[in-house]
Amino acid sequence: MRVNVTINGDQRQADDVWEGESLLYMLRERLGLPGSKNACEQGECGSCTVYLDDVPVCACLVAAGQCQGREVRTVEGLAAGDDLDPVQRSFVEAGAVQCGFCTPGLVVAAHDLLRRVPEPSDPEIREALAGNLCRCTGYEKILDAVRLAATRQASGAEAR
Amino acid sequence: MDFLIPSTFAEALAIKAERPEVVPIAGGTDVMVELNFDHRRPTALLDLTRIAELTEWAPSENLLRVGAGVPYVRIIDELGDRLPGLAMASRTVGSPQIRNRGTVGGNLGAASPAGDTHPVLLACDAQVEVASVRGTRMIPAAEFYLGVKRNALEPDELIAAVHLAPAAAPQQFSKVGTRNAMVIAVCSFAVALHPEQGRVGAAVGSAAPTPRRALAAEEFLAGELSDAGLWESPKPLLDSVRRRFGELAAEAASPIDDVRGTAAYRRHALAVLARRTLGWAWQDYCGTGETRSQSCA
Amino acid sequence: MSPLIGRAVPRVDGHAKVTGGARYAADTHVPGVTYGTLATSTIARGTITTIDTTLAQAVPGVIAVFTHLTMPRLVTPPSPYPKGFVPLQDATIHHNGQPVAYVVAQTLEQAQEAAALIDVRYHAEPAKVAIDDAPGEEFLPPPGPEGPQEFVHGDPAAGLANAHKKVDATYSSPVHHHNPIETSATVAVWDGDQLTLHESTQSISLTQQIVAQALSVPQNTIRVLTPFLGGGFGSKAPVWPHTLLTAAVARQLRKPVKLVLTRAQMYTSSGHRAEFRQQVTVGAAKDGTLTAIVNISNQQLSRTEQRVFNTSESSWMVYGCPNIHAKQLGVRLDLPTPHFMRSPEGPALVGLEMALDELSYELGMDPVALRLKNYTDLNPENGQKIGNQNLPECLKLAGDAFGWSRRNPTPRSMRDGNELIGWGMATEAHSYHARASSAWVQIDTDGHALARCGTQDIGTGTYTVMTQVTAEALGMPMNSVRFELGDTNFPAAGFSAASVTVSSVSGSVDKAARAARDAVIALAVADPHSPLHGAAPDRIVTEHGFLFLTDDRTRRDSYQGVVSRHGKPVEATGSFLNVPGYTTGASFIEVRVDPWLGRVRVTRAVAAYDIGRVMNHRTARSQVLGGMIWGVGYALTEHTMIDRHTARIVNPNLSGYLVPVNADAPKIEAFFVDKPDPTSPVGAKGFGEAPITGVPAAISNAIYHATGRRIRDLPITQDKLL
């Protein structure tokens, strides 16, 4: 089947999509957007987290056909050109990135958290990111990154 | 495979009548796993996410009617005050990403014994509204679960909604997992106080082929509470009552050993969960009435 | 020394990774790529009697279905290929999940549908999948790369007989799987007789070597690329059959083929930590001096390989004991070949460190004091000093930060409300290997440097640390240096495993960069247009991209000036073989236990290590944080369960195999002694695997302190604490 979907602001069309196919497969194998990672295919690891109509979801658990006419935003669409989103910048600077495979999903999940809760407590961060498995970092620097991004956003908001 | 996108519930029911083998999909949190793992290849998927009426909730007579497609996150955000037990169970489902997509309707459709909302639906006397082109019927939650991953739906039926009374008294839900988040229940327990009926609803999850009401525990507690006149003038429960309630709750289970825990552990933990959740709910009940707060201090 | 090495600079590859721009093997886009999938055995032992692919071949889009009858013949590579056989070469089944067919189709969905339609019939034989299934079948395997499987020092029997107190107990740990978040992927692209492999591997050079052996082609016809790796933890260090098979079918079909293992296939295709059991007997004199350490272990081996991976170096390398006996038995089971997993020396140390905790209670002695009494920095095999080995300082750094002196040693003595609190500790220790490596450094006419080495960055920070090493050796700012890796066209290096990357590769990169710097200095002093013309080369220093005369800093030139006048880039190479060594540390753990439900939370962890010179405090600390959470999983949740009747893995997925989540992570503090190790040119020791080795024991010891329950069979699940 054919799926028309807006991805990172661009109108995209995917052809010959298998009806049982996931949004993740369509992104990675048909639309040239391999930033979202495939690691468990059961919603356990969060590496494929993307926004679907502004709501973070596991792209592996969304049927491609369910995205017809909807808007998807992936990790590739968070930065404005070379200008990293504060969450992305904080992940780099806090050392929250190691092998990097869980990072795309974590960045999207953390981005969503800070939109909902601008100054999250540590338990709120841990809970919000519970669905994003990381096998390298021990999670601590991911918390540092979210705290750093929150501080940055707060001071950015004050500056405005 | 076909991908069918009805825009109304009537359209979906017509398809289901004509092709009962189609697999409904909403949040996809169960169905897509089976497809990704190639555990099944249905002839068609029936996408329910464009049907507006499934994603609404509204008062219906004395009850709340929660559409089968309302995701957990909205139950938590929008119904936490009126359906506290269901909201508590919803909070323990998977991760934010899962709660953004998964639905109570899906939980009922999958009918996994470990589904998190089941014990709450049982303890709260929920009714499941199911529909087909033949009409609509209401199935009490206690009659909905037939076996491991089997429910009372006929092949041409779809789940339309669940109906629950807004909580008039405290409700509690608790589950034991194997880590601190992202857990499938080892076992779970829900308790709902129904003072207007002079009884308590109680149910166990993930500890039998189906979620189950803990009837003996309910009856024992109803007797204890009314004999001592505690509904009218609440006082802290005796430890012996809470303990007996826990034992009876555990006896409602017929658990197995599996990857998440042993049968013996499940029985033990259920008794602890039942005792604790009853304690929390009753403490809340003592604390809610203005005149009661002193007596429960 | 310039302060660049050691500085906690952010990762140079961070930008690519947070934007989704880093390309991992499965992300590789190749025009016309076809999709491979494996059909795998549903029995653990026996033979294929018939295999019918008719239905599979009829699926639209299917290009080929290879079985053991039709697969191109391959050579079984010798060790270090860990498998002992190549699947699809005959009808014999050695383990559940062994490939029985390889399907190639236009799309993955078509390939998977076809794979499900293959009708395989087996003659199944009874299978043994647990150590308990094979009592009395254990044997002493032949010596492996680490040496003999038995080590005797002094007179252990006499040592035990003379002990004032003894502990004799059995400790066990289950099968574990690495579960890197990236599953293994191979994209094989042939161009004539040249093969390019986009591979998720911890060793591009080993991949090149083993694939060449299997396909009987010259090694230089194969190029392996791994610019990014989504974690490995040992699972991607060897070359596994799926890579060989993909290269072979791509050659046969003359089409590019992409194979990505499913998560479930990762449980039978890329090694695991073997089930492990050990009897540890330790004895001590009244003052705590150890009189004997006896560590007799048994672990799973496969039917086709007998290399022992869970090794017992810790029995003789950490504590100075006059009488030691370590024996590493193995038992053949009908399971895939095990391999090393972060950290292979962990299991044996875990038992030893639990036994020492038990001994401390027998002696009425503080467990830290017991370790201080007995630590050594001499290798009993040769009596030589083992490099830097500052365990006492590690114990002090971590113990003080933890507040160990406030501990009441009595079990169940510390509470907070209904929760029991426990404090436990353990020594951590791991050897690191020696690997040869070479590097190439070029300084261009624009004054920028490019360094290349055929090593890997498995997430530990090789890109960043080697950029630091290059920049420091050259005397350039980091942003003038680019470091590239993960390409067999670059000078070769060893695998990124066994904690060897930094200690090995930093030497060759440093040498190549110094040689390039010296070449530029030589050009400058010979160049009449240079302010440094005629100066003695050894009087010239390089800093921030400039060359100065030490005696007169007003006489200066720049890399850009010298090399641009030279008119062409300057390049140099360097090679290095690091000295193997041993790294120690200590971890201190706090747990909180709900006594009614047996729920354990690890709430605090403090660790300290002697890792020689710290190359980058940020990436080094990250290794500790990561190792700590691995220890939490090892102690509390991780367990691959195998059904003893069907020989199948029951939980081959991330919902059943419980990797710790964010909410399971404790608050962690890490300290380093940070003194350069004399055996390394830059002072670095191998480190990656030391953190985690003692953590499971420290957690178990803390749980004992909290509850009074000594659980010797890991993981300590809640049912065991009731």
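Six bridges hold β2 of chain C, residues 46-52, to its antiparallel partner β6(C). In that pairing, C:D52 sits across from C:D119 of β6(C). Keep in mind as you look that this is a predicted model.

Now step back to the sheet around that pair. It's an open, antiparallel sheet of three strands in chain C, running β4-β2-β6. β4 (92-93) and β6 (119-124) of chain C are at the edges with a single partner strand each, so one side of each has no neighbour in the sheet.

Stay in chain C for a couple of cis peptide bonds. One runs from C:S79 to C:P80, with omega near 20°; C:P80 itself is in the loop between β3 (62-67) and β4 of chain C. Another links C:L714 and C:P715, where omega is about 0°. You'll find C:P715 in the segment after α16 (695-707) of chain C.

Next, some backbone angles. C:N179 isn't a glycine, yet its phi is positive, about 50°. Look for C:N179 in the loop between β8 (165-173) and β9 (185-191) of chain C. Is C:N179 buried or exposed? C:N179 counts as buried because 27 other C-beta atoms lie within 10 Å, and the cut-off for that is 20 or more.

Over in chain B, B:D125 also has a positive phi, near 55°, and is not a glycine. B:D125 is in the loop between α7 (118-123) and β6 (127-132) of chain B. With 19 other C-beta atoms within 10 Å, B:D125 is partly exposed.

To finish, UniProt's unreviewed entry puts a "domain: FAD-binding PCMH-type" feature at residues 1-169 of chain B. That span is 33% helix and 25% strand, and its end C-alpha atoms are 48 Å apart.

How values were computed:
Residues are numbered from 1 along each chain as its sequence is written. Chains are lettered from A and ligands numbered from 1 in the order in which they are written. This is a predicted model: local features need pLDDT of at least 70, side-chain atom pairs count only at pLDDT 80 or more; totals for chains, interfaces and linings use all residues. UniProt positions are given in the numbering used here, feature names are shortened, and annotations may be inferred rather than shown by experiment. Helices (H or I, at least four residues) and strands (E, at least two) are DSSP runs, numbered from the N terminus. Two strands pair if DSSP finds at least two bridges between them. A residue is buried if 20 or more other C-beta atoms lie within 10 Å of its own, exposed if 12 or fewer, and partly exposed in between; C-beta atoms are placed from the backbone.
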